[in-house]
Amino acid sequence: MPTTTRALSVPSAGAPFEAVDLERRDLRDDDVRIDVAFAGICHSDIHTVRDEWGAAHYPIVTGHEIAGTVSAVGDGVTKYKVGDRVGVGCLVDSCTECENCKNGQEMFCSNGSVGTYNSQNYDGEWAAGGYSQQIVVTERMVLRIPDGIELDEAAPLLCAGITTYSPLRRWGAGPGKKVAVVGVGGLGHMAVKLAAAMGAEVSTLSRSSAKADDAKALGSSNHIATSDDDAMKAAKGSFDLIINTVSADLDMETYVRLLRPNGALVNVGLPPNKLSVNPGALIGGNKVLTGSNIGGIGETQEMLDFCAEHGLGATIETLDASDTTTIDAAYDEVVAGKVRYRYVIDTSTIPA
């Protein structure tokens, strides 16, 4: 029989959060039921809830940064047992049969991966996310959270962590490399921590010096205010890799000029408008302007293990959801850039 759990839902675009009963499917043979302890707030949640990306399916329960413990398993589950510390990220299913799935890139499933929310499962039901006290997910999409990371600090790693880890690994962040991170926020603060742990020399770029001390505490050795023309000129040709974590419309050529020859500027933020770059700015130094998505399940587990090995977790502020207007207010604060650096919902506080 299906089970019922409490969740935070938005009934329509522009409506406030409300606490509701949410039905979760009965366990299939390969399913894991998770008692959710914490759910991070990602900017993607906000875009979706507010119908800023279009095609939002209401009522909607968001949340794809999920950490908790296993409370039940299907008869065919072999990887997890009751009591295991686990997480769920941006995906809850994929076809397993296409080339991308077989290559560990489930997010690019040729038959359509299933997102943790605002996405239809293969059976036609709409997926509901982690702003809830329980979730049921096929074991293939469940991640093991190592004992070295607290669950509340682990939750944002399931999106913010892998979103920044993947391009850092792909483009060779490590000893002898100079990495710059644009934006010190929910994504950016993890990019700084991860790049520093990989052994790279890390710099941060932000509009002002307001976060300079924070950036250095996270692992940056140099903070550059992009509004300081002299500082930006001095940084020309300095970096092997730049990770752009912001979703604002930036002059890409300004940042391309900061790259060394053969360097890469990787976008993980989603600005509202098209990017524009003169091809000569890239050709002149064999430079790369590219984007990066999340990672597959295997790489996400690799990221969690790396974070545990290096004592890394997200820098968080925990939210009590007993007054659901707290979540609405938190969304506004995320948009305003006021959170340091990821809000995490204590799902035990969702009102009955």
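**Salt bridges across the chain**

Let's start at Arg28, which is partly exposed, with a relative accessible area of 38% (buried means under 20%, exposed over 50%, and partly exposed in between, using a 1.4 Å probe and protein chains only). This is a predicted model, in which local features need pLDDT of at least 70 and side-chain atom pairs count only at pLDDT 80 or more, while totals for chains, interfaces and linings use all residues. Residues are numbered from 1 along each chain as its sequence is written, and side-chain values use heavy atoms, leaving out hydrogens and water.

Arg28 pairs with Asp123 in a salt bridge (a side-chain nitrogen of Lys or Arg within 4 Å of a carboxyl oxygen of Asp or Glu), with 2.6 Å between the closest N and O atoms. Arg28 sits in the loop between β2 (18–24) and β3 (31–40) and Asp123 in the loop between β7 (114–115) and β8 (134–138), so the bridge ties together parts 95 residues apart in sequence. Asp123 is partly exposed too, at 44% relative accessibility.

Now turn to Asp93 and Arg140, whose salt bridge brings the closest N and O atoms to 2.5 Å. Here Asp93 is buried, at 15% relative accessible area, whereas Arg140 is partly exposed, at 32%.

Another salt bridge joins Asp214 and Arg340, at 3.3 Å from N to O. Asp214 belongs to helix α6 (residues 212–218) and Arg340 to the loop between α11 (325–335) and β17 (342–346), so this pair connects parts 126 residues apart in sequence; helices (H or I, at least four residues) and strands (E, at least two) are DSSP runs, numbered from the N terminus.

Finally, Lys81, Asp84 and Arg144 are linked in a salt-bridge network. The count for the model comes to 12 salt bridges.
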